[in-house]
Amino acid sequence: MMSCDSFRTRFHTGTDDAALLEHLRSCDRCLDFAAHADPDVMFRALGSSTFGSEMIPPGGIDAFVDGVMQQVRVRDAETAVASSQAASWPRRLAMAAAISVAVFGATLIYRFDTPQDSSPVPRVAVAVPNRTLTTKPIVETYDSQNATIVEVPTDGTGGDDVKIVMIFDENLPADL
Amino acid sequence: MKRIAVVMMMALLLGPAAFADADAADAAKAKSLSVRTFQFKHKQAENAAAAIKALVSAGGTISIQPKTNSLVVTDEPENLKKIAALLGQFDVAPQPFHLTVRLVSAGRVAEDRAARVPEELRDVESKLALLRYNSIESIGSADVSGREGGPGLVELAAYRADFQFGEYDPASDSIRITDFKLSRLDGDQLAPMMKTTLNLKLGQTVIMAVTRDAQSQRALMMVLSARR
């Protein structure tokens, strides 16, 4: 195939050189270049060497028609795909509506299945003591480093009325 | 198409409304903490904080304001009512209290006999028996009256106990006996023996037995009882 440089070297206004015209059919840049100098060259490149005669596309009319029909089918297919995509929004709406209805329905079921305060649940009065006392250690501090303090657990006799605390302190005199 | 749109709109409008109650309940729970400030006339705020510490719920807080002698408490309203009631009892003018002190000398003697408990110690006889001393002698008994913050003094035979009536704690229904110093007269000198701070629950009897060690044959017991 002819190179662009070769085309531009050999090209001249009004040319009918088949090789040059064949190059123009496949090279848009050279077609632009040639059209500036010779606006009719494009028509000559389409296959007719003379004005007024029937123009025959390269490869023949059948090939041209097949190409056109192929483009038409491609366009039809693209249109069909685009239309099917455009038509999916009702489906989306339907799905959104279904999900929303399902969530709403589940919420209603949950609320009505869950016992509410208004349901007639028998209430039992429970006696609650007025105050719960906290407990503090009997011996809060003891000023000796060598002392052991033991709070003797009560065995239940006498309840908590009497508590015993033992303090073992080596600093205490022996003759207590 | 319109039906779908209508159903969808209803679902979108009513769905959030169904959740609104739950959200409102959560928000109400989060907002249910209240703040109250308590200022004290008679008691120290830090002592008040210690008194209510056990009542404050897990989500509550206590902030001590020393300059104004006050507490800022954040808690659930119901709990704040209890705290307010407790602090109302706490912040009162110094109350009078009575402390009964009985001194007992105990020992383990060789004789295989059960301890003869003096008549004035019959009320604690069963408890004294737990300590396994078979010689129990009463040194003496004293009843001391005083007010919160005031001094107390007991002198029984050669022993002397001086102390301070501390603050009453309504949470534990107890009174602190601070700086309880026990001394014994040796010759003409008072020899200090021990110093302690006690929490005495009102109406409860505490037997405090002091000894050198577990093998010691002698012990000094103080039978203490506080009341209003």
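Q: Which does B:Arg132 count as, buried or exposed?
A: Count C-beta atoms, placed from the backbone: 20 or more others within 10 Å of a residue's own make it buried, 12 or fewer make it exposed, and anything in between is partly exposed. B:Arg132 has 9 C-beta neighbours inside 10 Å, so it counts as exposed. This is a predicted model, where local features need pLDDT of at least 70 and side-chain atom pairs count only at pLDDT 80 or more, while totals for chains, interfaces and linings use all residues. Residues are numbered from 1 along each chain as its sequence is written, and chains are lettered from A and ligands numbered from 1 in the order in which they are written.

Q: Where is the place of B:Arg132?
A: Elements are DSSP runs, numbered from the N terminus: helices are H or I with at least four residues, strands are E with at least two. B:Arg132 sits in the loop between helix H4 (125–130) and E5 of chain B. Its phi is near 60°, a positive value in a residue other than glycine.

Q: Which other residue has a positive phi, near 50°?
A: B:Asp173 does, and it too is a residue other than glycine. It lies in the loop between E7 and E8 of chain B. B:Asp173 has 16 other C-beta atoms within 10 Å, so it is partly exposed.

Q: In what order do the 6 strands of the open sheet run?
A: Strands of a sheet pair through backbone hydrogen bonds, either parallel or antiparallel. Here two strands count as paired if DSSP finds at least two bridges between them. The order is E2(A)-E3(A)-E10(B)-E11(B)-E4(B)-E5(B), with mixed pairing. E2 (147–152) of chain A and E5 (135–147) of chain B have a single partner strand each, so they stand at the edges, with one side of each left without a neighbour in the sheet. Neighbouring strands are turned by 20° against each other on average, direction ignored. Those axes are lines fitted to C-alpha atoms, for helices over the stretch in contact, and angles run from 0 to 180 degrees between N-to-C directions.

Q: In which sense do E3(A) and E10(B) pair?
A: They pair in the parallel sense, over 7 bridges. A:Lys163 has B:Val206 as its bridge partner in E10(B). B:Val206 also stands opposite B:Leu224 in E11(B). E10 (205–211) and E11 (218–227) of chain B pair in the antiparallel sense over 6 bridges. The two form a hairpin with 6 residues between them. B:Met208 has B:Met222 as its bridge partner in E11(B).

Q: How many residues of E10(B) are buried?
A: In a regular strand the side chains alternate between the two faces of the sheet. In E10(B), 7 of its 7 residues are buried. One side holds B:Thr205, B:Ile207, B:Ala209 and B:Thr211; the other holds B:Val206, B:Met208 and B:Val210.

Q: How many residues of chain A are in contact with chain B?
A: Two residues are in contact if their C-beta atoms, placed from the backbone, lie within 7 Å. By that rule, 42 residues of chain A touch 42 residues of chain B. H6(A) gives the most to the side of chain A, with 12 residues. E1(A) pairs with strand E9 (189–201) of chain B in the antiparallel sense over 3 bridges. There A:Val139 stands opposite B:Leu198.

Q: Which residues of helix H2 of chain A are buried?
A: Look down the axis and take the arc of the directions from the helix axis to the C-beta atoms. In H2(A), residues 18–26, the buried ones are A:Leu20, A:His23 and A:Leu24. They fall within an arc of 100°, so they line one face of the helix. On the other side, A:Ala18, A:Ala19 and A:Ser26 are exposed. The buried residues pack against H1 (4–10), H3 (28–37) and H4 (41–45) of chain A.
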